[in-house]
Amino acid sequence: MANKSVWSDNRFWQRSATWITGFASILLIWLTFDTSAQISMGTDEDIQNGVKKKVPGATVINYRITYEMDAKRGHEVPVIGGKEKFFGRDDWSEEEAAAMLHLGKLGSQAKNCMDCHTLLGNGAYYAPDLTKAWLDPAWGPDGSMQAMTGKSTKEEAIAEFLQHPDQYPTHARMMPNLNITEKEAIGLVAFLKHMSSIDTNGFPRNFGKIKGAINGK
Amino acid sequence: MANNHLTSESKQLATWYLTFAAILFGAQLLFGLVAAIQYIVPGFLYGILDFSIARILHINALVVWMVFAMFGSVYWLLPDETGIETIGIKAGKLVYWIFVAAIVVVVLVYLFIQIGPASDATIWFITEGREYIEAPRWADLGIVVVALTFVANLFLTGIKGKQTGIVTVLMADMIAFAGLYLAGMFFTDNISVDQYWWWWVIHLWVEATWEVFVGAIAAYGLITMIGAHRKVVEMWLWIEVAMLFGSGILGLGHHYFWIGTPEYWWEIGALFSALEPLPLVAMFVHVLYDWGKTQGAQDANGDKNSVITNKPAFTWFVLNAFGNFLGAGIWGFFHTLPQVNLYTHGTQFTSAHGHLAFFGAYATILVGVMYLAVQGKNGIKVMKNTKTSIWAVSMISGGVMGMTVSLTIAGYVQVLVSRAQMGATWAGYFDGQNGLWFTQAMDWRLILGIVTFIGFLLLAKDLLTTGKDPVHER
Amino acid sequence: MFEPFTDMVPSFFGWLNQGPLTLTIFLHTVIILPMFWIYAQEKKRLENEK
């Protein structure tokens with residue numbers, strides 16, 4: 001009689017399962033170390049020296065951010081340009097910027113932002129994605145949202161909207177008033193500007209590139 | 001308790017867990033309906049129970065009822081598998097009440113306090129604001145205590161009693177399941193790091209440890225319900241563990257395409273997660289194969305009766321085998337490749353997949369275990385389907401499938417209009433949302449959501465009454 | 001012979017990512033290969049048992 005096949009042997013499969021699970025876990029841990037080093041937040045020095053980081057330091061709020069096609073990588077990447085005033089200043093220190101970002105990130109969680117919006121594409125789908133919201137033409141100088149709030153800069157317009165979203169109905173699906181204070185709103189805008197500078201491997205594609213989208217219907 | 005046929009304390013405790021799970025299942029559906037209505041009538045409960053709050057309750061109730069039912073399932077099968085009474089059952093009962101109390105407090109805080117100022121206190125006491133695991137930090141710590149007690153009970157019992165393949169798999173799986181929760185318990189200003197670890201909890205739960213748990217429960221179900229051969233079933237189980245963990249652990253990479261992580265995740269995530277449907281196909285084949293095999297063997301002996309000793313539970317188990325493959329496998333594969341995901345990420349597509357996957361992979365089998373518990377508690381030898389149980393399973397599965405199709409259509413509109421055509425801006429987003437196909441899909445979603453909810457009411461009625469029904473063989 | 005990094009930062013995994021599928025084929029291979037060894041061992045064991 002032929003030998004019993006290894007393929008129908010429980011021990012073979014148990015050992016294989018153990019090996020595969022263990023090794024896949026080790027690979028994941030290794031990859032996690034590799035990735036963690038790459039996605040740690042950069043510093044002010046990195047920005048000044050033009051060192052590209054996947055996640056730039058908080059002082060990126062002192063600079064102009066654009067979203068441009070990178071020929072080598074084949075998709076759009078955020079580009080940190082020259083200085084740009086943010087709430088009237090372009091010399092926020094590392095500590096000040098970090099504190100604003102901290103408050104904004106805390107606020108984004110305390111107000112449950114991601115249970116309506118998506119951040120980096122993750123969250124709920126009841127409201128627009130905020131990954132590159134800072135770069136949205138609607139908030140720009142010619143944008144409908146900035147005009148609606150009556151403010152003259154993007155950051156002030158967003159901050160004003162966040163404090164009184166129920167006064168600026170943009171759609172039947174209105175953002176509710178979340179008791180966001182002025183300080184929190186400034187923090188949230190810093191958080192949004194910082195998020196737009198994160199290198200998301202080209203997500204979302206073509207963001208803000210299509211003209212006429214605002215009244216495109 | 002009168003008319004209670006359970007002699008095992010572990011099984012008693014299991015029925016507690018399963019009962020509370022069923023209640024939370026109802027709550028999940030109810031808040032899902034609120035959120036579905038808000039898509040159509042945005043003013044509904046505006047400023048009182050906004051979409052964000054309805055959705056938190058919808059998805060948190062989902063996660064918690066499943067965790068409850070999973071704990072209950074393990075307490076149910078432990079005495080059968082190990083041959084001894086579960087060790088530490090008193091502690092198990094104590095933490096059950098702690099768990100229930102904590103959940104009631106968390107739900108009340110979600111409902112009535114909802115949000116807080118941007119401060120650590122909010123993170124500790126109101127909400128952590130991270131999808132699926134919004135529970136405030138104090139509750140996190142509570143969950144860790146509860147999970148550790150559960151894992152300790154499982155390990156002590158598993159080590160002392162008979163250690164079957166199913167128990168061995170569950171022991172390894174449940175400790176990973178509990179341990180992974182720790183990855184979601186810290187705060188960082190870096191949202192890329194935040195989401196990196198957040199996915200460790202979410203993905204490694206639902207696409208790795210929970211799936212292996214389902215494999216183990218399905219194995220137990222096949223042995224108890226149709227008398228499948230343990231050696232065959234356990235061999236399948238080990239194959240499934242190898243395939244599920246082999247594809248699922250590194251399949252985590254498909255969440256690392258766009259969150260600021262390096263580009264090499266495109267390849268790792270795409271190709272490992274592309275294999276994730278394979279074990280799900282295997283599970284489906286395995287359940288049907290074992291069913292046919294045992295039935296065929298019995299037929300050959302001239303016995304024309306069904307081998308199934310619990311028809312409603314087995315219905316849900318078979319539905320699980322297929323639903324897991326369809327919802328997690330097919331709907332997951334649809335958008336797992338980065339070329340596709342670039343446009344589908346963060347759209348209703350994800351939501352469609354989420355609905356069918358959570359239902360097909362988890363809700364089904366856990367409802368099946370609820371029927372097993374009803375059978376055991378009432379001392380029923382062969383449990384039959386009733387009209388109510390058939391209506392319940394048909395309406396729930398039809399409703400969820402219909403919601404999934406609706407959301408998929410809505411997702412297509414978002415992908416084509418908001419993403420591909422309009423470039424994902426605020427204006428582009430609403431152009432997609434106002435599209436006729438999108439709004440009609442949302443109407444259908446609500447209608448089918450109501451069908452699902454009526455199905456749930458029938459299910460609840462059946463679970464409560466079928467035990468006393470004289471149609472069953474005792 | 002080798003492609004320049006598509007990633008921003010050089011790393012071992014970035015280096016393996018030379019083009020379509022190189023990284024993932026490598027990882028799949030190192031996971032599967034030892035199973036041959038497990039297979040051979042178990043085959044021997046089954047033969048000895050007989």
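This is a predicted model: local features need pLDDT of at least 70, side-chain atom pairs count only at pLDDT 80 or more; totals for chains, interfaces and linings use all residues.
Colleague: Which residue of E2(A) is the bridge partner of A:Thr66, and what lies between E1(A) and E2(A)?

Modeller: A:Thr66 has A:Val79 as its bridge partner in E2(A). The two strands form a hairpin with 4 residues between them, and A:Gly74 in the turn has a positive phi of about 75°.

Colleague: Which domains does chain A have, and where do their bounds come from?

Modeller: Domain 1 of chain A covers 11-38 and domain 2 covers 43-196, with bounds that come from an automatic or database domain assignment. The centres of these two domains, taken over C-alpha atoms, are separated by 37 Å.

Colleague: How many residues of chain B and of chain A take part in their contact, and what makes two residues count as in contact?

Modeller: Two residues are in contact if their C-beta atoms, placed from the backbone, lie within 7 Å, and on that test 65 residues of chain B and 73 residues of chain A take part. On the chain B side, the elements that give two or more residues include helix H2 (51-82), helix H7 (191-226) and helix H13 (348-377), while H8(B) provides the largest share, 11 residues. This side of chain B divides into 32 nonpolar, 21 polar and 12 charged residues, where Ala, Val, Leu, Ile, Met, Phe, Trp, Tyr, Cys and Pro count as nonpolar, Asp, Glu, Lys and Arg as charged, and the others, Gly among them, as polar.

Colleague: And how many residues of chain C are in contact with chain A?

Modeller: 17 residues of chain C are in contact with 20 residues of chain A. Helix H1 (12-16) and helix H2 (22-49) of chain C are the elements that give two or more residues to this side, and H2(C) gives the most, 10 residues. By class, this side of chain C has 11 nonpolar, 2 polar and 4 charged residues.

Colleague: Why is chain B called as compact as a globular protein of its length?

Modeller: The globule rule is 2.2 Å times the number of residues to the power 0.38, and the radius of gyration is taken over C-alpha atoms; for 474 residues the rule gives 23 Å, and chain B has 22 Å, which is close to that value, so the description applies. Chain B has 16 helices and 0 strands, and its C-alpha atoms fill a box of roughly 65 × 45 × 45 Å along the principal axes.

Colleague: What makes B:Leu463 count as buried?

Modeller: A residue is buried if 20 or more other C-beta atoms, placed from the backbone, lie within 10 Å of its own, exposed if 12 or fewer do, and partly exposed in between; B:Leu463 has 21 C-beta neighbours inside 10 Å, and therefore counts as buried. B:Leu463 belongs to helix H16 (residues 436-465) of chain B, and it touches B:Ala22, B:Met370 and B:Val374, when residues up to four places away in sequence are not counted.

Colleague: What share of the residues of chain B and of chain C is buried?

Modeller: In chain B, 63% of the 474 residues count as buried, whereas in chain C buried residues make up 12% of the 50 residues.

Colleague: How many residues of domain 1 of chain B are in contact with domain 2 of chain B?

Modeller: Domain 1 (1-162) and domain 2 (308-474) of chain B have C-alpha centres 20 Å apart, and 23 residues of domain 1 are in contact with 22 residues of domain 2. H1(B) supplies the largest share of the domain 1 side, 15 residues.

Definitions and conventions: Residues are numbered from 1 along each chain as its sequence is written. Chains are lettered from A and ligands numbered from 1 in the order in which they are written. Two strands pair if DSSP finds at least two bridges between them.
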